[in-house]
Amino acid sequence: GCSLCISLSKQLYCSSARRTRVRDALSSLETGSSIRIQGWVRSVRSQKNNLFLHVSDGSSLQPLQVVASSDLNTRELTFGCAVDIIGSLEKSPSKKQSVELQASHVKVIGECNPVDFPFKIKERHSLEYIRQYPHLRCRTNAFSSLLRIRSEATSAIHSYFRDNGFVQIHTPIITSNDCEGAGELFQVEVKNPHFFSVPSYLTVSGQLHLEVMAGAFPAVYTFGPTFRAENSQSRRHLAEFYMVEAEISFTESLEDLLKLMEDLLKTSTEHLLSHCAEDVELFHKYVSPGHRWGCDLQTEHEKFLVKHCGDVPVFVTDYPYDLKPFYARDNQDQPQHTAAAVDLLVPIVGELCGGSLREERPELLKTRLAGAGLEETYAWYLQLREFGSVPHGGFGMGFERYLQCVLGVDNIKDTIPFARSSRSCLL
Ligand code: 4AD
């Protein structure tokens, strides 16, 4: 730190003076410490000779209360402005917070005209309202909480896989395959049309690349952006979303996949609830929508199933073979022609995960690919089955749908920093 700068007024704001995060000031610092904080003013209140500010810096939901002399009450010190404050951290006389910062110096480093600023002091704006301002909504408590939760959930998921011996694979964003075959591809337009010599697309799933790796590792995963040009204005579809995908080798049982999904969800959610309790609580108190559902037929079916089972997560397995993509494993032993596939349906969003065992038997796969006219395109995929093929399977989980479900957020657009969907690509 640079305690000197604090005592020598000339160099008061020298850039090496140590800065403290609001979160640390609130939780772990001793009273009497001289600190410098930088953040944004969330409220200003004048009382007798004192000025009370709440300052947030994004590190915690709770702001830091700053007490300054009323003389400082300048025109620039308004809701939303950016400030740099030096003072002493003291025990607060009020019950509302344990500590407060008694400021010796308050500098406004970025003004904010409260008339033009779309958010108003002490008002609770709806998620729908703040969505209109993708460049500013991170300044609100609710969206700032969401972003902290999203970051923590990302770490929780990576930790889960690391702790369970999975190797992370960076699957490509640009690809020449259409894994799901659902025709929702974004085609990549290259200025030089001969650049790749084949048409290329933004990935709809990293599954096929993970399957390549399942031929060399027992367990792999990927967690990255995924793109689908879904022409849907629904509250659970994005054109760019993050998908968590896992693939495990040497497994012949769908049950292993179900266990993996359940364990991943339980472990990550427990981590989230213990590390972001305050932020998660904000959503449960103020934001939860009362579980509205979309209205397309498929969603209605999912809704029925989840309700029927008591509003808990439900696994649906063994779908009709013809409804599933070419990679799904044929359940040959069942009376009806089904595939070893599974969907996990959850309250609020419906389908959260989709997965299957993959067809590892070369003859069966060959027949299926030939039937779909895909033999040539997927010659490499078939070859995976000819060199040391092992039974394997995996699943994908929509990360935004996961957040939607855990937080009770009505619209998926409110779970991602910058939402993209049909007819909407702001910023
Ligand atoms: O069920 P899907 O299409 O499965 C696959 O892509 C498999 N290849 C995954 C695998 O086995 N490795 O998608 C998986 C999940 C869905 O259950 C859903 O949660 C999410 O991805 N998802 C979307 N999320 C937001 N917006 C969209 N447009 C989504 N499409 C799918």
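Predicted model: local features only at pLDDT ≥ 70, side-chain atom pairs only at ≥ 80, totals over all residues.
Colleague: Why is I121 called partly exposed?
Modeller: I121 has 15 other C-beta atoms within 10 Å. A residue is buried if 20 or more other C-beta atoms lie within 10 Å of its own, exposed if 12 or fewer, and partly exposed in between, with C-beta atoms placed from the backbone. The count for I121 falls in between, so I121 is partly exposed.

Colleague: How do you know which residues I121 is in contact with?
Modeller: Two residues are in contact if their C-beta atoms, placed from the backbone, lie within 7 Å. Leaving aside neighbours within four places in sequence, S43 and F79 are in contact with I121. I121 itself is found in the loop between β5 (99–110) and α3 (127–131). Helices (H or I, at least four residues) and strands (E, at least two) are DSSP runs, numbered from the N terminus.

Colleague: What makes K122 exposed?
Modeller: K122 has 8 other C-beta atoms within 10 Å. That count is within the limit for an exposed residue, so K122 is exposed. K122 also lies in the loop between β5 and α3, and its phi is near 65 degrees, a positive value in a residue other than glycine. Most residues other than glycine have a negative phi.

Colleague: Does D311 count as buried or exposed, and why?
Modeller: D311 has 12 C-beta neighbours inside 10 Å and therefore counts as exposed. D311 is found in the loop between α8 (297–308) and β11 (314–320). Its phi is positive, about 55 degrees, although D311 is not a glycine.

Colleague: How do you know that the buried residues of α7 line one face of the helix?
Modeller: In α7 (residues 277–287), D279, V280 and F283 are buried. Seen down the axis of α7, the buried residues fall within an arc of 100 degrees, so they line one face. The arc is that of the directions from the helix axis to the C-beta atoms. An α-helix has 3.6 residues a turn, so residues three or four places apart point the same way. The face of α7 turned away from the buried side carries the exposed residues A277, E278, H284 and K285. The buried residues of α7 pack against α4 (141–163), α6 (254–275) and α11.

Colleague: Which residues come nearest to the ligand?
Modeller: S205, Q207, G354, G396 and G398 come nearest, of the 23 residues around the ligand. The shell divides into eight nonpolar, eight polar and seven charged residues. Here Ala, Val, Leu, Ile, Met, Phe, Trp, Tyr, Cys and Pro count as nonpolar, Asp, Glu, Lys and Arg as charged, and the others, Gly among them, as polar.

Colleague: What is the average pLDDT of the protein chain?
Modeller: The protein chain averages a pLDDT of 91, and 93% of the residues score at least 70. The pLDDT is the predictor's confidence in each residue, from 0 to 100. Over residues 1–10 the pLDDT is below 50, and over residues 291–297 the pLDDT is also below 50.

How values were computed
Residues numbered from 1 in each chain as written. Near = placed C-beta within 6 Å.
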